[in-house]
Amino acid sequence: MQKTIITCAVTGAIHTPTMSDALPYRPEDIAQQAIDAAKAGAAILHLHARNPEDGRPSVDPAHFAEFLPIIKAETDAVINITTGGSVTMGIEERLAPAAAASPEMCSMNMGSLNFATHPLADRYDKFKFDWEEAHLRASEGAIFRNTFADMRLVAETMGGNPHNAKFEHECYEVGHLYNLAFCMKKDMFKAPLFLQFVMGILGGIAAEIDNLVFMKRTADRLFGDNYQWSVIGAGGQQMKMAAVAAQMGGHVRVGLEDSLFIERGKLATSNAQQVEKVKGILIEQGNQIASPDEARTMLGLKGAGHVGF
Ligand code: KMH
Ligand code: ZN
C-alpha cells in the first residue's frame, strides 16, 4: 500500500479565537505551529492567514508574506494556500494570496454550498473580539459561492503558467465529484488529481463511513486510477475518519482549521498534537507516513524551488 500523506490545516477561517487559545492568528504563531506540525509528520501545510490584531480571517497577501518565508526556511513541507478564504468573501479576493505566493498547491472548492457555523455562536456567552459572533451568525444566511465560472477562474489563474500549482479539490458532497468530472472533460485540470473529501460541515455531507465509501466509489467510477484522495472529518469525527480513510488507501487531513479537539471534550493544545496523534494511529494500523518529497512525487508537484516566496 502506498504511504499516507498527512495534511495539517493550521488555522482556517471557521473557528474564532474565543473557541481555543491554541488557535494561531499572529504570523509568528501560525509559522511556529506550522513548523511544529511539519516536524511532527505533516507533509502538506494548508494555510490561511488572519488579521494579527484580532484573528479575523484575512486574504491580504501581506499577512501571508509574514509567515510563508519563515515556514519555508524551517521545513521542506509542501505549502498549500487556501483559495477558499472565508465564506462571505468574493472569488477575486480569495485568489489574491495564492496568486501572490505561487505555492506548490492551492485549494479549489468544487461547488457552492451552505457552509454554516452559526450553531457554534450559541456555545459562548462572551467573545474575545467583537467581530466573532457576527461572523459566525452571518453564515446562517450566506452561501459559500463556488460557481463554474469561479472554478474556471481559479483553474486558469493558478493551474497553468506561471504558477503551475496543483489543486486540493475540496469536495463537500457527491455532486462536487460530478462538477470535477465535468471540469476534467473541459481539460481544466491535469491528473493526478488530489481530492479532499470534506465531511461533517453543516451544509455538506455528514462524516459517516457509509458516505466515505460512497464518495470513494463514485470517485473511482469518475476518475479511475488518476487520482489521490484524502479526508477531512470536521469536528469530533476528525480522527475516526482519518483512521478509516487511511485503511482504505486514502490520505488524511488534520489541524485546528477542521477540529479544535484532541479527544472528546478536550481541546488540542496545538496542531502538532493532532499530527502526532494521527501519525500514531496510522502507524499502529500499519500505514507508513509520506515525507514531503514522497508527497510531491505522488501528486506531481512542481517542487519547493519554484514558489514565489
Ligand atoms: N475549511 C475547510 C472545511 C479552503 O480553504 O479552500 C475547507 C477548506 C476550504 O479548507
Ligand atoms: Zn482551508
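**View 1. Donor spacing at the zinc ion (ligand 2) in a predicted model.** Along the chain, the donors of the zinc ion (ligand 2) follow the spacing H-x1-H-x208-E. The pair His-48 and Glu-257 links distant parts of the chain, 209 residues apart: His-48 is in the loop between strand 2 (44–47) and strand 3 (49–50), and Glu-257 in the loop between strand 10 (251–254) and strand 11 (261–263). The protein donors are His-46 (NE2), His-48 (NE2) and Glu-257 (OE), which lie 2.1 Å from the zinc ion. Donors are N, O and S atoms within 2.8 Å of the metal (3.2 Å for Na, K and Ca), and sites may look incomplete because water is not among the atoms. Strands are DSSP runs (E, at least two residues), numbered from the N terminus. This is a predicted model, in which local features need pLDDT of at least 70 and side-chain atom pairs count only at pLDDT 80 or more, while totals for chains, interfaces and linings use all residues. Residues are numbered from 1 along each chain as its sequence is written, chains are lettered from A and ligands numbered from 1 in the order in which they are written, and side-chain values use heavy atoms, with hydrogens and water left out.

View 2. Glu-257 counts as buried at 8% relative accessibility, and His-48 counts as buried at 5%; buried means under 20% relative accessible area (1.4 Å probe, protein chains only). A polar contact of 3.3 Å joins the side chains of Glu-257 and His-46. Such a contact is a pair of N or O atoms within 3.5 Å; within protein, one must be able to donate a hydrogen and the other to accept it, and residues adjacent in sequence count only if both atoms are side-chain atoms. Not counting residues up to four places away in sequence, Glu-257 touches residues including Ala-9, Gly-12 and His-15 (heavy atoms within 4.5 Å).

**View 3. Ligand 1 and its neighbours.** Of the 14 residues around ligand 1 (a heavy atom within 4 Å), His-48, Thr-82, Ser-107, Asn-109 and Glu-257 come nearest. A nitrogen atom of ligand 1 lies 2.6 Å from a polar side-chain atom of Glu-257. An oxygen atom of ligand 1 is 2.6 Å from an N or O atom in the side chain of Ser-107. The protein covers 97% of the 300 Å² of accessible area that ligand 1 has on its own (Shrake-Rupley method, 1.4 Å probe).

**View 4. Cysteines without a disulfide.** The structure holds zero disulfides (pairs of cysteine sulfur atoms within 2.5 Å). For Cys-106, the nearest cysteine sulfur, that of Cys-183, is 14 Å away. Cys-106 is buried, with a relative accessible area of 0%.

Methods. Helices (H or I, at least four residues) and strands (E, at least two) are DSSP runs, numbered from the N terminus. Buried means under 20% relative accessible area, exposed over 50%, partly exposed in between (1.4 Å probe, protein chains only).
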